[in-house]
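Subject: Structure handover

Hello,

Here is the structure I said I would pass on. My notes on it follow below the display.

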Amino acid sequence: VVLWDFGAKGSIQRRLEDSGCHVTRVPADTTAEEILALKPDGVMLSNGPGDPAENVQVIANIRDMLDTGIPAFGICLGHQLTALAAGGSTYKLKYGHRGVNQPVRDVAGVRTYITSQNHGYAVVPESVKTGVIRYINANDGTCEGVDYPDLRAFSVQFHPEACSGPHDTAFLFDRFCDLMGGAHHAD
């Protein structure tokens, strides 16, 4: 797995390794061509700081990478950048989502998860055209996750790898491994 590092927390790499993945970490300015040369089974788009829309070249590289069909999983900023690369848009929240008690509802099921979050931007739900919104914030209805079946990708706004917070959504790393056809870790 290539971990595209936009400010990645160490727990993302640890969680991938716990899932049986060999991780190659690359910096934010890595091109899609350079990532493809590594022949990864999948690409993890990490969290990071700032306004996602300002990352114009990164967004173009993500778009090129998504077009190849390599499985991808975006977390936090990686979620926002994936949406932008897929033609969506983002906006600054009046009040950011902070803390380890953010309820997120799975619209494809009946579960609500307690998640860890730390962000000030969100994906505009109406701008999601190539994907399907999968998770929404139960407090304010903001987009918390998108599935992109045609791109073999998915992304979430929250932190499923959170070490100190809830572990309700750690299964998303297994979902990513399934998308790549790989093995799972043992909890």
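Arginine 175 sits over the face of phenylalanine 154, 4.2 Å from the ring centre. This comes from a predicted model, as does the rest of what follows.

Phenylalanine 154 also has an aromatic partner. Its ring and that of phenylalanine 73 have centres 4.4 Å apart and planes at 25°, so the pair is stacked; the cut-off for stacking is under 30 degrees. This pair links distant parts of the chain, with phenylalanine 73 in strand 4 (residues 72-75) and phenylalanine 154 in strand 9 (residues 153-156), 81 residues apart. Phenylalanine 73 and phenylalanine 154 are both buried. Ring pairs join Phe73 and Phe154 with Phe173 and Phe176 in a cluster.

The count of aromatic pairs comes to six. One of them is formed by tryptophan 4 and phenylalanine 6, and this pair is tilted, at 5.7 Å centre to centre with 35° between the planes. Tryptophan 4 and phenylalanine 6 are both buried.

Nine of them make up an open sheet with mixed pairing, in the order 2-1-3-4-9-8-7-5-6. At the edges are strand 2 (24-27) and strand 6 (112-123), each of which pairs on one side only. On average, neighbouring strands of the sheet are turned by 25° against each other, direction ignored. Strand 1 (residues 2-5) runs parallel to strand 2, and four bridges join the two. Valine 2 has threonine 24, in strand 2, as its bridge partner.

Regards

Terms used: Residues numbered from 1 in each chain as written. Predicted model: local features only at pLDDT ≥ 70, side-chain atom pairs only at ≥ 80, totals over all residues. Heavy atoms only, no water. Phe/Tyr/Trp six-rings, centres within 6.5 Å; stacked < 30°, edge-to-face > 60°. Buried < 20%, exposed > 50% of the residue type's maximum accessible area, 1.4 Å probe, protein only. Lys NZ or Arg CZ within 6 Å of the ring centre and 35° of its normal. Pairing = 2+ DSSP bridges. Axes fitted to C-alpha atoms, helices over the stretch in contact; angles between N-to-C directions.
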